[in-house]
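User: Please go through selected local features of the structure shown below, one question at a time.

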Amino acid sequence: MSNTASGFDLSLDIVRVAEEAAIAAYSCVGGGDEKAADQAAVDAMRRALNAIEMDGRIVIGEGERDEAPMLYIGEKVGTGNGPQIDIALDPLEGTTLAAKAMANSLAVIAFAPRGGMLHAPDTYMDKLAIGPGYAKGIVDLDATPEENVRALAKAKGVDVSEIVACVLDRPRHDGIITSLRKAGARVHLITDGDVAGVIHTAQPETGIDIYMGQGGAPEGVLACAALKCVGGQFQGRLVFRNADERARAERLGLTDFDRKYDLDDLVSSDAVFIATGVTQGALLNGVRKEVTTKGEVFVTTESLVMISKTGTVRKLSMRRPLKA
């Protein structure tokens, strides 16, 4: 697959998209208005995407066209010329984190050749993820949390007390948390940002061994794009709360509501994953502004760029004058 055919030569252009979204969202950090922060990121991301020479299609976005005035599933972006690519994005991963000036909010975007990512509906998904280096099937979505951490500890050659599980701090996860602690595993709770939570399983320096719990299905595809680049395992199953959510899935061609998806089901081709820090976090530094002695204002960002085709992981810093 050539770079031109797959669109991987667009990586730097799309890094700029994430940077612009992060900078726009940063203007709302600490303001307490989640919608304003999200809208600022969405507007900046759309403007930047539409300036790129590509035939882009949003497959993971803010919702369906009749339900979201933002970057919706099915929206066309780019000039219409150039490589055909599918795009998954979350202009502001962790809207609450940004609104409250808390750590770990990100602007996230991934892309693949047309047809390379599942069109996941805007519903919930049960998720299970571990990092690279383990035999396939060592953990399973249908096993209990206790069974999974014990199996992972055995494969890792450590006591279960050395296993750290990352879980979103939500009432719906009380049973999972209880089961993990009963097994003797340590639980690392996060308030938001489960894309970063999944990625942390592939980063030994974070100390996270396994991610489990229920979160957004679109974020599951985004996280899989990252794992596709660095290795790891992922399993997910869509969760529907009502008939309307099932109808959303059907409109996207999904009819097996009980299907258990793995990493390659969600991201079937080579992919590029990009994240830019909005607030300071474990994954990336946040946006920073500085004023020079001449009164000039500069903005600095840090971005993570992962490319599955080459297994490349880069961190890029950007500094530019901030426009008035």
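User: Which residues does T95 touch, not counting residues up to four places away in sequence?
Analyst: This is a predicted model, in which local features need pLDDT of at least 70, side-chain atom pairs count only at pLDDT 80 or more, and totals for chains, interfaces and linings use all residues. Residues are numbered from 1 along each chain as its sequence is written, and side-chain values use heavy atoms, with hydrogens and water left out. T95 is found in helix α4, residues 95–99 (helices, H or I, of at least four residues and strands, E, of at least two are DSSP runs numbered from the N terminus). With contact taken as heavy atoms within 4.5 Å, T95 touches E34 and D38.

User: Is G193 buried or exposed?
Analyst: G193 is placed in the loop between β7 (186–190) and α7 (194–200). Leaving aside neighbours within four places in sequence, G193 is in contact with E93 and L168. Buried means under 20% relative accessible area, exposed over 50%, and partly exposed in between, with a 1.4 Å probe and protein chains only. Because its relative accessibility is 11%, G193 counts as buried.

User: With which side chain does that of T276 make a polar contact?
Analyst: T276 lies in strand β11, residues 272–277, and is buried at a relative accessible area of 0%. A polar contact is a pair of N or O atoms within 3.5 Å; within protein, one must be able to donate a hydrogen and the other to accept it, and residues adjacent in sequence count only if both atoms are side-chain atoms. At 2.6 Å, the partner of T276 is S303.

User: Within what arc do the buried residues of α9 fall?
Analyst: In helix α9 (residues 243–251), E245, R248 and A249 are buried. Seen down the axis, these residues line one face of the helix, because the directions from the axis to their C-beta atoms fall within an arc of 95°.
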